[in-house]
Amino acid sequence: MTPAPRGGSWAPWIGGIAAGILFVAILLSGHWTLLHRDPLGGFYDLQAHSFASFRWNVAAKPLGFEAFLIDGKAYTYYGPWPAALRVPVTLLTRSLDGRLTQLSMLAAFAVALVFTTRLSRRIRLLVSPDRPATRLERWATGGFVFLVGAGSVFLFLASRAFVYHEAELWGAALAIGAFEFVVAYATALRRRDLVFASGLATLAFLTRGSVGAGPVAALGVLLVASLWSPTRRWFGLPDDARGLAMAIPLGIAVAVPIVLYAGVNFAKFGTLFSLPLDQQYFSQINAARRAALAANGGSLFGAKFLPTTLVQFLRPDALRVDGLFPWIAFPPRAHVFGGATFDTLDMSSSVPASMPALTVLALFGLGGAVRPPATGGPSLRVLRAPVVGAIAASLVTLTIAFVAHRYLSDFMPVLVLLAVAGLHLLFRLARGRARTGRKQRLLQAVGGGVVVLAVVSVAINLSLATLYQRKLNPGVPRSQLASFLRFQYDLHRHVPGGAPPDVAHGSILPAEPLPAGSLFVVGDCDGLYFSLGNGWRALERTPATGRYHLDVRFPGAAPTTWQPLVTTGTPGGASYIAARTLPDGRVRFGYLAQGIDDAWHESAPQRLRSDRTGRVDIVADTRIGNVVVRLDGREVLGLSTIVRPTDDATVGRNDVGGPVATTFGGEIIERVVEPTLCRNLLRR
């Protein structure tokens, strides 16, 4: 690679290491290993294994709802670069499948900060080429690197190590690297810089197209400038940067990522740039996705989404002060303008609200790019092409029918480009003004304000990452969620005290969920439910809300009929959760809802202990519509279906007739489990 400009120090590395420590602390998620498995963390491993067989299709079952089913084969739409990184490991072992996401994300984080450091040094030479960096400036650069790592959406991405965050992090990191070489090429016109710029742009484009399009567009801008003299000077190119000698290499540099992207897309889906979303399995099983596709002509991209996404991602007030630790929370979900039908409206803050320090510095940098200070040589004009490209790529993100906080990563390349320039412009202004007087005091106030905003930025992103990881992430384990809620409300009882916030009560769970993070108590702690904003999640249940804890001794002889565990309903309209002992001593569990499905849903045969006993936990929750049977702690039957009310339920007995025995042939002892979390929340 091209050597980075001289004049650095240990300060950026110290800032990067400090940010890395915080990043890893969040990334570990309390598991004390960087090889933790996430249910949505193994997609790139699947693709890596398929590469070893020289094919693009992968096994359909592990992809689940993300699979694209084309001509009987399953494909993932994620770019190949993070999968290619895994090939050396997957060639040696399968034991790490699904466990490499944290390490991959940590590598991407390091790449982002290394290129941020290089970009800072390079841009400083465009702002103050004739002055050596002072000690204060070097430490400020180290603080800036820390800010990029810990005071931005990058820290939020560490909150969950799964495929969506990994793609975002690698895409942004590689785009920052590509822009660093685009700036280098525009400054000195070295071919090797162009090669690295095109190579990193290709990797970024093949990781996440929306952010990777930025450096590709920047190279395209330089190509146009080399052929059209009126734009050459405006983009900072020297007067002799023209003609075919420059245009041909630039044309190749632009073509390589575009051709490779189109080739990969065509090999998978038979299209050059679009995705056949109607052939994704999720589109076949999810009514909301089908409705969004139908409303948008089969696509999830369009200008109609711009008013909503632009307001949400750029509004300055996209945060909420909460009464519970960590006291800074996500705002309500985005307001939809113009009647557009979105696929997903997830919780999200905005660029200026969650990254105020980078935003302020970027505004200074934007002013410097528009009116660059004269330096007698290359100036901040060379930032114009990268900035135009990065903004163009950001517009792609704004036209997607999704709102999610992780998408703020797509804005990181342009933020870093401009914020670096803003940082060094502030130091140039401080040196160029008199050291006394009102202007100097104003600059000192601005500098102090940026430091305060940097501290605020870290606090905001640490809060949002903690909230998502421990509370708002749909994949957080129930025990972890309950533990975090207990901590929040115990702390609130002491500081500041008073009634517990965000807790509602009622005899019936509302059909429409409350704002995300709210709790609802049914009856006298008959059930405790947590709102995800778009659905409910049960935290504690009792028999009154369809939860049964049973110690069961199964009959020794093989009965001819199903044995009742929990029965509810009326004759002809009953629901049964039952067990049937098999001749080999194993047992099956089943569920039947008369008048709804009229078919038994059965578990696989389950082995019993030698004394034929087992602890059976049953959920039959009419409020959120699921049936779950666990035997000795492991789930053996799980259904998302319509469940009838459980008010008239009987345990071990069937009073409504039907294809189930009248009484259970073995022995059932119902255990009483107190709703301790609910009681603790309501304790004054």
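Mentor: What follows is a set of questions about labels in this structure, each answered by setting a value against its cut-off. Keep in mind throughout that this is a predicted model.

Trainee: What makes Cys525 and Cys678 a disulfide?

Mentor: Their sulfur atoms are 2.1 Å apart, and the cut-off for a disulfide is 2.5 Å, so the pair qualifies as a disulfide. By this rule the count comes to one disulfide.

Trainee: Why is the disulfide of Cys525 and Cys678 called left-handed, and which parts of the chain does the pair link?

Mentor: The torsion about the S-S bond is about -85 degrees, so the disulfide is left-handed. The pair links distant parts of the chain, with Cys525 in the loop between β8 (519–522) and β9 (527–531) and Cys678 in helix α22 (residues 676–682), 153 residues apart.

Trainee: Is Cys525 buried or exposed?

Mentor: Cys525 has a relative accessible area of 3%, and buried means under 20%, so Cys525 is buried. Cys678 is buried as well.

Trainee: Which label does Trp32 receive, buried or exposed?

Mentor: Trp32 has a relative accessible area of 75%, and the exposed class begins over 50%, so Trp32 is exposed. Trp32 is placed in the loop between α1 (11–28) and α2 (43–52), and has a positive phi of about 60 degrees although it is not a glycine.

Trainee: Turning to the aromatic residues, why are the rings of Tyr77 and Tyr78 called stacked?

Mentor: A pair of aromatic rings is described by the distance of the centres and the angle of the planes. The centres of the Tyr77 and Tyr78 rings are 4.3 Å apart, within the 6.5 Å limit for a pair, and their planes stand at 25 degrees, under the 30 degrees set for stacking, so the pair is stacked. The structure holds 29 aromatic pairs, and ring pairs link Tyr77 and Tyr78 into a cluster whose members include Phe43, Tyr44 and Phe269.

Trainee: Why do Tyr77 and Tyr78 carry the labels they do for accessibility?

Mentor: Tyr78, at 6% relative accessibility, counts as buried, under the cut-off of 20%. Tyr77, at 32%, counts as partly exposed, because this value falls between the limits of 20% and 50%. Tyr77 is also touched by Gln280, a residue that lies in the loop between α12 (244–269) and α13 (281–285) and counts as buried at 3% relative accessibility.

Trainee: How do you know that Arg384 lies over the face of Trp234?

Mentor: Arg384 is at 4.2 Å from the ring centre of Trp234, where the distance limit is 6 Å. The rule also asks for a position within 35 degrees of the ring normal, and Arg384 is assigned to the face of Trp234.

Trainee: Finally, what makes Leu467 buried, and which residues is Leu467 in contact with?

Mentor: At 4% relative accessibility, Leu467 counts as buried, under the 20% cut-off. Leu467 lies in helix α20 (residues 438–472) and, leaving aside neighbours within four places in sequence, is in contact with residues including Phe325, Pro326 and Phe484. The peptide bond from Phe325 to Pro326 is cis, with omega near 5 degrees, and Pro326 is found in the loop between β3 (320–321) and β4 (328–329).

Definitions and conventions. Residues are numbered from 1 along each chain as its sequence is written. This is a predicted model: local features need pLDDT of at least 70, side-chain atom pairs count only at pLDDT 80 or more; totals for chains, interfaces and linings use all residues. Side-chain values use heavy atoms; hydrogens and water are left out. Helices (H or I, at least four residues) and strands (E, at least two) are DSSP runs, numbered from the N terminus. Buried means under 20% relative accessible area, exposed over 50%, partly exposed in between (1.4 Å probe, protein chains only). Rings of Phe, Tyr and Trp (its six-membered ring) pair if their centres lie within 6.5 Å; planes under 30 degrees apart count as stacked, over 60 as edge-to-face and the rest as tilted. Contact means heavy atoms within 4.5 Å.
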